[in-house]
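I open this notebook to keep track of what I look up, entry by entry. The sequence and the model come first.

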Amino acid sequence: MRNIAIDDFKNYKFLSGIEHSPDGKHAAFVLHEVDMEGNKYLSNLHLLDVSSNETRKLTAFNKESSFKWLDEENILFTTIREDKDKEESESLKEFTQVYKINIHGGEADKYIRFNKKVSAYEVLHNGIFLASAYYDNNSKDQLTLDEKELSDELKRLKEEKDYEVLDEIPYWSNGNGFTSRKRNRLSLFDEKGQFIKYLTGEYTNIESIKLSEKKDQAVILSSTFMDKEELYNELSIFDGAAVIKLETKGLTISYAEFLSENMLILTASDMKTLGINENSKFYTYNLENGALNLITEDLDISMYSSVGSDSRYGGGKSRVIDHEELYFTTTQGTDSYIMKIGAEGDIREVMTEEGSADAISVKDGNILFIGMKNTSLQEIYKVENGKSVKLTGFNDWIKDELKLSVPEPLSYTLEDGRTIDGFVLKPADYEEGKPYPALLEIHGGPKTVYGSVFYHELQYFASSGYFVIFCNPRGSDGKGNDFSDIRGKYGDIDYEDLMNFTDLALETYKDIDEDLLFVTGGSYGGFMTNWIIGHTDRFKAAASQRSISNWISMFNTTDIGYYFADDQTAASPWENHDKMWEQSPLKYADKVKTPTLFIHSEEDYRCWITEGLQMFTALKFHGVDSRLCMFRGENHELSRSGKPKHRVRRLTEMDEWFKKYKELNQ
């Protein structure tokens, strides 16, 4: 067996999007692989035979990241076909091509070509398509133009591609670029993919479409705005002819679907008590009498899996309806489980094991999920009698070939009786009595958690001879609203928890060299890294990734800043400027002595590069050794789904930075 190398993730298999066929006999999923030479990911559909548990590959286009079942034997999917010889103006024409493949073999055939770009679509009972279609209020609708007008419009788009006009906030979105006045409108298309009509206004953006079982109506989540998008969205029903808005009494709704023919189930929050991070509750909406009922008034649990890892690619459903029950994932402590709820609000446990449930599918009570367990990468599991049974072995090789450090639980109790839970990875080649450096890793969010699942970055540094320590300070998910609520307390109680956990690790693991401590984190973890270096000199070097340094600039420049920054700091640049500045790491940059590496992506609009630049400039100004590495063509997801070569360079930058200061201090 050998130690993990920086680029070993190129051999990992990533799974996403598990979904049963309508008859429950098969399940389709997407398998993603790394093409290091091409600096990209290859994604293809695979099929699981539910009775035999055998899997096989269905497609080979290498670009099938999403799909839907048309019937028991046919799957629909979209793919991107590259045509380098096509005129640039032609590439600006709007359309979406959908393919069909039979699960019993054969080539994929063209199924339907929508004459507009669509981001999601559903097939109604009458063969008509209900879709969310791309609509740009900055441009002319191409379907309304004659041949000459279309030619002129395409020429204009080509000529004006080098600048943007901003009219609203948010004006950009991480991973989606500039979005000002751009929407996805609910639309109808005929059986041949020809546009029929829009069903919503030009400033309404469709968030989700969920069909009824009979496929004769749909529940729609959307938001309508000009100038500034609000956090409260809209719930509507498409009844086969028109969109009917439903009254939801000031809720922000994260999920809505038909629980039965006349009953919707929602997860939603009014955000009045604990702001945007407040855990949602379950509601039902009776379509016959319009009654909106809160069915879990005292519920205080996470409604999704927030167990972090850098070894996933793609997503999948975390909520599924089966026989008038909603199956959903939830984070409890350091793990994510599967539970279910009915119309009366009765919640029951389905699977509560160590690890994470990343995507689920349920058909007639048969449960499949993509998950990570026992320091392993993703596989497909089924649930039997509340226990998980592994069905695939795409990543079994890692335990045969690689030295893995098993996460050892470590926790301490706060004065109020709550616990701060975490883990320690020993160096892969650990020898008792020998001193080792330690690396404190800090997760993002802050409302996420570290668990015991496989994490390439953490395992790599353990293989490189570090004790790796990581925990879930207050602000993390998995322990209810009060635990996750650190509004106005950033850099206060969370900093205290992280430093106390570091002290506990030093006390527990005597072979950690307390003179060789290092720290890193991304997003919220980047904020905390910036904060830590301004408040202690105990770390010999730091790596701050996709960070926040100044809440005031973050408020005014990032895609979520105008509502996230004031919610989390309990201040705004105008109402309580000093409080916002007090919680900004940049204020304390003149106190920093710790050499720091900054890693940012040029297209990270969540924690824009200006945050790293400000902190980098401040440290350089005050004579602190620092370095900033910027990745072009990457966004906030660099460490998780960035281009493979960029992911290697990112880890290499960190590794060499820490090595430099480890050697200088030994």
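Which strands does helix H5 lie across, and at about what angle does it run to E31? I find that helix H5 (residues 493-508) lies across E31, strand E32 (419-425), E33, strand E34 (467-472) and E35, and that it runs at about 120° to E31. Helix H10 (residues 609-621) also packs on the sheet, where it touches strand E37 (596-601) and E38, and its direction makes about 160° with that of E37. For these entries I note that contact means heavy atoms within 4.5 Å, that axes are lines fitted to C-alpha atoms, for helices over the stretch in contact, with angles from 0 to 180 degrees between N-to-C directions, and that helices (H or I, at least four residues) and strands (E, at least two) are DSSP runs, numbered from the N terminus.

**Ground rules.** I am reading a predicted model, in which local features need pLDDT of at least 70 and side-chain atom pairs count only at pLDDT 80 or more, while totals for chains, interfaces and linings use all residues. Residues are numbered from 1 along each chain as its sequence is written, and side-chain values use heavy atoms, with hydrogens and water left out.

**The whole protein.** I looked up the secondary structure, which comes to 12 helices and 38 strands. The C-alpha trace spans about 70 × 55 × 55 Å along its principal axes. With 666 residues, a compact globule would have a radius of gyration near 26 Å, and the protein's 25 Å agrees with that; the radius is taken over C-alpha atoms, and the globule rule is 2.2 Å times the number of residues to the power 0.38.

**The sheet of 8 strands.** I traced an open sheet with mixed pairing, in the order E31-E32-E34-E33-E35-E36-E37-E38. Its edge strands, each pairing on one side only, are strand E31 (408-413) and strand E38 (626-631), and the twist averages 20° from one strand to the next. Two strands pair if DSSP finds at least two bridges between them. Strand E33 (residues 436-442) and strand E35 (residues 512-522) run parallel and are joined by 6 bridges; Ala438 has Leu517 in E35 as its bridge partner.

**The sheet of 4 strands.** Another open sheet has the order E5-E6-E7-E8, with antiparallel pairing. E5 and strand E8 (109-114) are its edge strands. Over 5 bridges, strand E6 (residues 74-78) pairs with strand E7 (residues 96-102) in the antiparallel sense, and there Leu76 has Lys100 as its bridge partner.

**Backbone exceptions.** Most residues other than glycine have a negative phi, and most peptide bonds are trans. Against that background I noted a cis peptide bond between Ile169 and Pro170, with omega about -5°, and another between Gly445 and Pro446, with omega about 10°. Pro170 is in the loop between helix H1 (147-159) and strand E11 (172-173), whereas Pro446 is in the loop between E33 and helix H3 (456-463). Asn62, which is not a glycine, has a positive phi of about 70°, and its place is in the loop between strand E4 (55-57) and strand E5 (67-69).
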